[in-house]
Number of protein chains: 2
Amino acid sequence: MIKHALPVTRAQDFARWYQTVIAEADMAEESGVRGCMVIRPWGYGIWERIQRLLDDRIKATGHENCYFPLFIPLSYFEKEAEHVEGFAKEMAVVTHHRLKSVDGKLVVDPDAKLEEPLVVRPTSETVIGAAFSRWIQSWRDLPVLINQWANVVRWEMRTRMFLRTSEFLWQEGHTAHATEAEAREETLKMLEVYRAFAEDCLALPVVAGEKPENERFPGAVATYSIEAMMQDGKALQAGTSHFLGTTFSAAQNIRFQNADGGHELAQTTSWGVSTRMVGGVIMVHGDDDGLRVPPMIAPWQIVIVPMLRDAPEDAEVLAYAKALQADLAKLSALGEPVRALVDAKSAKAQVKRWGWVKKGAPIIVEVGARDVAGGNAAVIRRDRLYQESGKLASAIVPRDELVAEAAAMLEDIQTSLHADARARLEAGIRRGVTEFAQIEAHFAEGERYPGWVEVEWAKPTGAELDAVVERLKKLKLTVRNVPGDAAAADGVCIFTGAPAVERILVARAY
Amino acid sequence: MIKHALPVTRAQDFARWYQTVIAEADMAEESGVRGCMVIRPWGYGIWERIQRLLDDRIKATGHENCYFPLFIPLSYFEKEAEHVEGFAKEMAVVTHHRLKSVDGKLVVDPDAKLEEPLVVRPTSETVIGAAFSRWIQSWRDLPVLINQWANVVRWEMRTRMFLRTSEFLWQEGHTAHATEAEAREETLKMLEVYRAFAEDCLALPVVAGEKPENERFPGAVATYSIEAMMQDGKALQAGTSHFLGTTFSAAQNIRFQNADGGHELAQTTSWGVSTRMVGGVIMVHGDDDGLRVPPMIAPWQIVIVPMLRDAPEDAEVLAYAKALQADLAKLSALGEPVRALVDAKSAKAQVKRWGWVKKGAPIIVEVGARDVAGGNAAVIRRDRLYQESGKLASAIVPRDELVAEAAAMLEDIQTSLHADARARLEAGIRRGVTEFAQIEAHFAEGERYPGWVEVEWAKPTGAELDAVVERLKKLKLTVRNVPGDAAAADGVCIFTGAPAVERILVARAY
């Protein structure tokens, strides 16, 4: 039996496994500040890769980056009542602007109370809407296509690293258009950008589709999401795109003169993904030895560990490792130069190897004095860590062969991780469920959840929808979305027996 | 006489000219939130270029990026008394975590008061120090070399866009070392990274040196800065690097076991540059027609304006412009692919030309139907906008010649802007001043300040230094720094007549 690197396996306790991966891979840690985490270099490096690759795609679709204030005056929220109700009002509020010392103790200075409290942005529709109303006068000013990378704060009661933290990092796109058709097209275009990005770069298979009415973003006319399946079968909403209609333009007075001289409200959209995606990567690609990072978002794709022994050969081994790194860095894989590192830290080679296994570097290369003599290197592919016998799959290959094959190997790892996750997603969606009792039976199996269920419904609204939501809630289930690529409905609504109009995915979720 | 694009010149009113450039170049605007600005795409694009290029250099010197919480518990500041005193306690404080509706009005919920107020970070030494104390146990854990790109808030009473805003964007590097020598070396290494970055990338000539004792960062043992000279002769501190000794490690208990088994406090450093640099770029490279962006940090280096006339030839002109863009984008200049844009917006070509002049795109290319027929393009170099006659310097050249010469032209613009600014800096430093009366006379000349003065002093401390600071303050002057490359002192202190120990720069400053 394989003795894995982590003290807990996915099967034993998925939640504890998740926390353990984050700790053992040095990705993040509790900060001592309620609900806020410290993102350490390996975790932040993955986020930086996500930022770089997604930013390129956001810019390629014509969007420009801006930066808007962290603080939003309280009164801005009053303009959009539905929006603030939806946010449950759990926000961090700045009320004072000075500290003072009293008897050697530092306190908030009561004389420095702000005239108007400032809310730390939970999202920026209100403050960006105010800017849009200044920028947009004529149809010639449209569309306005902007994006912002920022930190936002939502006062969460139960937090979980990357998945739900009080402060998190994200990008939020905001656009304004002359017509509803254009704004709806933009909403779907960005949903597709997210879908393709998740699949191509994160190797994360997702289902893109519209959220049901009860799961809409506060103030939105339509909300779409990409949903990924974690290895415990739960769903993770990994990105959302909202068609906001004129909700915010009416509240913020974003009006323009159309070509005929008349005045209209602009049609707006917003869309975002956050550091939550890193949590998704962990729960989709991690295994019982730690994380496996898809090469496209790995801060280091190939880590070379020189086996140093405080011996005279060390200098030669280190030089050999560095020459190998230099040759690998000249390669291009997955559209970019290969990122190769020599880990020359003063620690035992064994400790370093398992450190990189837990971090999930796609390829780990070990070189010792014997390899130098033979012109070889020992190569470990993180996605195929063990032989069938349970022995570590470390292959001695000529170093020139490694250089010749490294780019293809990285591309293969990217593809393999995606294919494995795609197969799990497909296998994890149960179709053909037509009775509510089947749903109950399906999700009655205890700790590890048996994936998602696809059913047909009549797209209820109002009180009828509330009843469905309540019924599912008792099973800890939610409607994830209406998959955009699902077959047309051809049966009856599983909740009401009325003729069905579409298919939905029902699942437990993070 | 040239009729310039801006309604105000540098000579007329430098402060108003600065605000006008920012507005006319669409760089930033007031947000409606006190002291906070909206950074618009052209301004943010320049900041993104600064981030990308500086981040590469920070990483190349062995630092890794992390992310630490926005909020710092009040008690963290109490640990470091000197630090918080120095910050004048003007900070944004979060005291509540919920809003509620009362009679249809949104108010802060008094029941949601935090047990401990949270300060919005003005800088992160305290919270990063707390992390260091968890991470550092042994000499093997050292050095720790990290950096963070983040927003910070200091409650400023008088704000000025980019130069002094309540919220601003920056990077803050934080490192911990086993020995004082190593930490001092790091402090100077990062000062040199900033100096070289400012000169190479921003074309910003700077003087690197140590700040006097009274200008040290709160808690620092030594503070170094790079100082740039604005076109009004004032100094702008454009980056700082601090040797913190054991001030913060003592407060935060950052201890390590050394190789001999003993316990020591780590030696720490911190260093940062901010969006203030964008203000420096404006005040150094701007002219009476707007900004001139050095090509290395220009979001678009070459902007092609097709002269469209709502005529049948438009399609051909646009295709010609796009083919030219594609050829330019294949080039490499200043170490990167050339960034070329076709501005196909529906506005008059004249308006677009002057828009890009004001934004300061390094090269503006206009193509119309006649150019298509002749295979030509009209090229405007933003740094040489006018002929001697005062006519716009737009040169018709074969488009293939433009493609052949564009990379060299961009490199020449980068070099020329730097050389011009360097010449101004050199001419703007008056040396050989030995009497305080000369300083008084030098700075008595009214509105536009005559640069900086280099004098020798005896490096006073304590009350003696206070007296010098007061004396200078009456003339609105400060000691900027002790230039690292200045000649050795060989005279007497201009303030006390005692034998001088070093040379200092005295100037008015932002």
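Predicted model: local features only at pLDDT ≥ 70, side-chain atom pairs only at ≥ 80, totals over all residues.

Is B:Trp170 buried or exposed? I find B:Trp170 buried, with a relative accessible area of 11%. Buried here means under 20% relative accessible area, exposed over 50%, and partly exposed in between (1.4 Å probe, protein chains only).

Residues are numbered from 1 along each chain as its sequence is written, chains are lettered from A and ligands numbered from 1 in the order in which they are written, and side-chain values use heavy atoms, with hydrogens and water left out.

**Aromatic pairs**

I searched the whole structure and got 21 aromatic pairs over all chains. In chain B I looked up B:Phe132 and B:Trp135: their ring centres are 6.0 Å apart and their planes at 45°, so I logged the pair as tilted. The cut-offs: rings of Phe, Tyr and Trp (its six-membered ring) pair if their centres lie within 6.5 Å; planes under 30 degrees apart are stacked, over 60 edge-to-face, and the rest tilted. B:Phe132 and B:Trp135 are about one helical turn apart, because they lie three residues apart in helix 5 (residues 125-135) of chain B. Both B:Phe132 and B:Trp135 are buried.

Next I took B:Phe168 and B:Trp170. Their ring centres are 5.8 Å apart with planes at 90°, so this pair is edge-to-face. B:Phe168 is buried too, at a relative accessible area of 13%.

In chain A I noted one aromatic cluster, formed by A:Phe68, A:Phe132 and A:Trp135.

**Charges over rings**

What sits over the ring of B:Trp135? I found the charged end of A:Arg40 there, 4.3 Å from the ring centre. I also found the charged end of A:Arg471 over the ring of A:Phe436, 4.0 Å from its centre. The test asks for NZ of Lys or CZ of Arg within 6 Å of the ring centre and within 35 degrees of the ring normal.

**Chain A overall**

I counted 14 helices and 28 strands in chain A. Both are DSSP runs numbered from the N terminus: helices are H or I, at least four residues, and strands are E, at least two. The C-alpha trace of chain A spans about 80 × 65 × 55 Å along its principal axes. Of the 510 residues in chain A, 60% are buried.
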